[in-house]
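Here is a short briefing for a first look at this structure. Keep the model open as you read.

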Amino acid sequence: MKANLNLGNISNIKIQIHWTFFFLIVWIVFEELNRGGTTASVLFNIALVFAVFCCVVLHELGHALTAKRFGIGTKSITLLPIGGIASLDKIPEDPKQELLVAIAGPLVNIIIAIFLYFLIPIQDFTNKNLGEALEYLSNFSLKNFLLYLFIVNVAMFVFNLIPAFPMDGGRVFRALLALKINRVKATQIAANVGQFIAVLFLLFGLLFNPFLIFIALIIFLGAYGENKYVQSMMLLKNHTVNEAMLKNITTLHPENTVSDVVDILLSGSETNFVVVNKNGAIEGILYHDDIIKNSKNRSVPVKELMTKSFKTIQFNSDLPSAYRAITSEKRPFIPVMNNNKLEGAIDLNNLNEFIMLRAKMEY
Ligand SMILES: [Zn+2]
């Protein structure tokens with residue numbers, strides 16, 4: 001089952017909806033009907049959700065198009081029930097650029113809000129006393145629709161600027177710190193503040209709104225993950241692939257059988273294998289899960305199970321880019337080449353080991 005539904009492309013960026021988004025629609029319909037809503041009120045609410053999510057797309061485009069100006073591409077913008085995610089190829093390391101990319105999203109919301117402020121006019125609502133205003137708000141009119149949209153955009157602006165790294169406000173905070181101190185330290189501070197705010201969210205969530213518990217969890221894990229990533233990248237900087245690769249790897253021949261592979265698997269610690277022909281050229285990769293899946297068919301040759309399309313990496317490439325390449329693979333194991341000659345392989349375990357060893361040397 002595909003997780004996302006494609007909506008189209010804007011400026012080479014895929015816009016997609018995650019399937020869980022449809023739960024949100026179903027939930028809204030149920031809630032509305034439970035409250036004794038009518039067809040009109042249900043449609044009003046669904047239309048509002050779609051309008052809000054258009055604003056979310058514009059917010060994410062704000063980030064993506066600003067990043068594009070700094071030469072950073074965006075693969076996709078994904079809409080989830082809790083908001084949007086723009087998958088940037090990377091986060092700009094220059095703090096001024098990060099600041100602009102991070103602030104661009106919330107700025108879009110404030111521009112929409114200002115536009116709606118003059119369109120509605122807001123005084124129509126603020127002039128009334130509370131009773132009148134509530135009465136007025138219960139109509140399903142275009143004016144009310146726009147007012148709700150105005151409120152949502154102001155709320156999105158405010159909420160996103162809470163300095164809970166890795167939310168937008170937290171990124172702005174890190175960028176401001178990074179103008180003064182080094183980026184690794186800045187990330188650490190921003191991540192700590194982010195995790196502290198996440199704990200506050202969690203407490204508020206437990207007391208008032210379970211939705212906040214969910215947000216708290218995402219912030220907490222996000223702050224942890226990004227902090228770890230930045231620390232790792234710093235430790236990998238100025239090192240090359242040959243320092244962290246597996247040098248003594250066992251290669252297989254296309255005619256080797258599963259039986260041979262199982263023997264090798266049990267007698268050592270290697271789990272993925274490069275398959276090489278008589279001339280020394282790589283034919284494919286036999287991954288651990290494919291070995292396990294076919295372990296009963298002992299006589300099947302390796303060439304029938306190996307994966308024929310794979311990445312390779314040069315032994316003198318820098319480790320940060322190798323790390324990015326490895327972590328973007330579903331099965332993190334890549335052969336390392338010296339021009340056209342197989343030199344070894346690199347996998348995530350080994351890279352993490354390298355990072356741990358470097359960390360011990362740094363502190
Ligand atoms: Zn944002």
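Gln-195 sits in helix α8 (residues 183-207). Helices here are DSSP runs of H or I with at least four residues, strands are runs of E with at least two, and both are numbered from the N terminus. This is a predicted model, in which local features need pLDDT of at least 70, side-chain atom pairs count only at pLDDT 80 or more, and totals for chains, interfaces and linings use all residues. Residues are numbered from 1 along each chain as its sequence is written, and side-chain values use heavy atoms, with hydrogens and water left out.

**Gln-195**

- Gln-195 is buried, at a relative accessible area of 18%. Buried means under 20% relative accessible area, exposed means over 50%, and partly exposed lies in between (1.4 Å probe, protein chains only).
- Gln-195 touches Phe-220, Ala-223 and Tyr-224, leaving aside residues up to four places away in sequence. Contact means heavy atoms within 4.5 Å.

**The zinc site**

- His-59 (NE2), His-63 (NE2), Asp-168 (OD) and Asp-168 (OD) coordinate the zinc ion at 2.0 to 2.7 Å. Donors are N, O and S atoms within 2.8 Å of the metal (3.2 Å for Na, K and Ca); water is not among the atoms, so sites may look incomplete.
- His-63 lies in helix α2 (residues 39-69) and Asp-168 in helix α7 (residues 168-178), so the pair ties together parts that are 105 residues apart in sequence.
- Along the chain, the donors follow the spacing H-x3-H-x104-D.
- His-63 is buried, with 7% relative accessible area. Asp-168 is buried too, at 9%.

**The sheet**

- An open sheet holds 3 strands in the order β8-β9-β10, with mixed pairing. Two strands pair if DSSP finds at least two bridges between them.
- β8 (313-314) and β10 (341-347) are the edge strands, each with a single partner, so one side of each has no neighbour in the sheet.
- Strand β9 (residues 333-338) and β10 run antiparallel, joined by 6 bridges.
- Val-336 has Gly-344 in β10 as its bridge partner, and Pro-335 has Ala-345.
- The hairpin of β9 and β10 has 2 residues between the strands, and Asn-339 there takes a positive phi near 55°.

**Cover on the sheet**

- β10 is mostly covered, with 5 of its 7 residues buried.
- Helix α13 (residues 319-327) lies across β8, β9 and β10, at about 70° to β10. Axes are lines fitted to C-alpha atoms, for helices over the stretch in contact, and angles run from 0 to 180 degrees between N-to-C directions.
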